[in-house]
Amino acid sequence: MDQADKLRELMIAQKIKKSTHFIAITSGKGGVGKSTVSANLANLLSSNGYKIVLFDADIGLANLDVLLNVKINKNMLDVLKGECPLEEILIKVKPNLTLIPGESGDEIFKFNDQFLYEKFLNQASILKDVDFVIIDTGAGIGSSTQVFLEACDEIIVVTVPDPAAITDAYATIKVISKMKSDVFMLINQAKGEDEAQKIFQTIKTVADKNITHQLNLSLLGWLPSDKVVSRSIKQRTLFTSDAPHSLATLQLKKAANNLLEKLEQKVLDTSEDRSFAGFFKRLIEQF
């Protein structure tokens, strides 16, 4: 094999190397359905053949293990402490969908043992074939949440029609605009398309007037206030599985399709380390 053959093989290997895309789902206020959106978006994408990792980035407040009806014993902090390997905490929810139980961002970022940190990064290679990591962040604009938001490729801000939630969503978008130029919004519990568009346009108008950073704020979609959603939460199931033909599922599918269309170019246009280990390196470097 000559040098040209080796170069050709290397180029082919680079072309088939998968890139993981990191999507943060956040909110300005708790209780707006952020975790429900995260879990069901992950469910939809995994059901359509994408390999998904769902990362609970604030286990102290979030409840992905409850929503997914799985039992957790250890979490990311146990891995970073060297008390167990990463593989031991991964929970296979269904084919193509894996949950990483988290810990509050503050606790993760307090941890600082370079040897164990490097060991963890090596273990993270088991997640190299993942298509998307969906990160359910803590609500609000705390420092650890901001670190996660900055390290992610895309950010979806979830809000509901409640005035306090809208105000907090705008405050979150204002902070995000200092680190990202593209921000998606998803309006949850809307009465319909008209209400979702009205809420989005209100926030966008205020943002256009007051945020000086470049900001491309776009509406990814909306979800109705639907009894199938509240019922699935009570039953610790996913409405996208329980009621695949419901309006809530169809609207979330539309939002997922919008996201995939917008990500396609970015997924193909990247040269940085797109692995799970690379994502954590970006997290630590920011802190």
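A: A residue counts as buried when its relative accessible area is under 20%, as exposed when that area is over 50%, and as partly exposed in between. This is a predicted model, and by that cut-off Thr240 is buried because its relative accessible area is 7%.

Q: Where does Thr240 sit, and what is it in contact with?

A: Thr240 belongs to helix α12, which covers residues 239-242. Setting aside neighbours within four places in sequence, Thr240 is in contact with Asn40, Asn43, Leu44, Thr249 and Leu252. With Asn40 there is also a polar contact between the two side chains, at 2.7 Å.

Q: Switching to helix α2, how do its length and its end-to-end span go together?

A: Helix α2 runs over residues 34-47, and at 1.5 Å a residue its 14 residues should span 20 Å; the C-alpha atoms at its ends are 20 Å apart, so the two values agree.

Q: And is α2 mostly covered or mostly open?

A: Mostly covered, since 13 of the 14 residues of α2 are buried, a residue being buried when its relative accessible area is under 20%. Just after α2 comes Gly49, whose phi is positive, at about 95 degrees.

Q: Which residues does UniProt list as a binding site?

A: The UniProt entry, which is unreviewed, lists Lys29, Gly30, Gly31, Val32, Gly33, Lys34, Ser35 and Thr36 under "binding site".

Q: Take Lys34, then: buried or exposed?

A: Lys34 counts as buried, because its relative accessibility is 10%. Leaving out neighbours within four places in sequence, its contacts are Ile25, Thr26, Ser27, Asp136, Thr137, Gly138 and Ala139. The side chains of Lys34 and Asp136 are joined by a polar contact of 2.9 Å.

Q: What about Thr36, and which residues does it touch?

A: Thr36 has a relative accessible area of 13% and is therefore buried. Not counting residues up to four places away in sequence, Thr36 touches Leu67, Val229, Ile233 and Phe239.

Q: Next topic, Ile173. Which helix is it in, and what does it touch?

A: Ile173 is in helix α9, residues 163-176, and counts as buried because its relative accessibility is 0%. Once residues up to four places away in sequence are left out, Ile173 touches Val157, Val183, Met185, Ile203, Ile211, Leu215 and Leu217. Leu217 is 44 residues from Ile173 along the chain, and their C-alpha atoms are separated by 8.7 Å.

Q: Which residues other than glycine have a positive phi?

A: Among them are Asn69, with phi near 60 degrees, and Asn96, with phi of about 75 degrees. Asn69 lies in the loop between α3 (64-67) and α4 (76-80), whereas Asn96 is in the loop between β3 (91-94) and β4 (97-100). Asn69 is partly exposed because its relative accessible area is 46%, and Asn96 is partly exposed because its value is 27%.

Q: Last one: what is the mean pLDDT, and where does pLDDT stay under 50?

A: The chain has a mean pLDDT of 84, with 81% of its residues reaching 70 or more. Over residues 10-17 pLDDT stays under 50, and for that stretch the model has zero contacts beyond four places in sequence.

Definitions and conventions. Residues numbered from 1 in each chain as written. Predicted model: local features only at pLDDT ≥ 70, side-chain atom pairs only at ≥ 80, totals over all residues. Heavy atoms only, no water. Helix = DSSP H or I, 4+ residues; strand = E, 2+ residues; numbered from the N terminus. Expected span 1.5 Å × (residues − 1). Buried < 20%, exposed > 50% of the residue type's maximum accessible area, 1.4 Å probe, protein only. Contact = heavy atoms within 4.5 Å. UniProt positions renumbered as here; feature names shortened; annotations may be inferred. Polar contact = N/O pair within 3.5 Å; in protein donor to acceptor, adjacent residues only side chain to side chain. pLDDT = per-residue confidence, 0-100.
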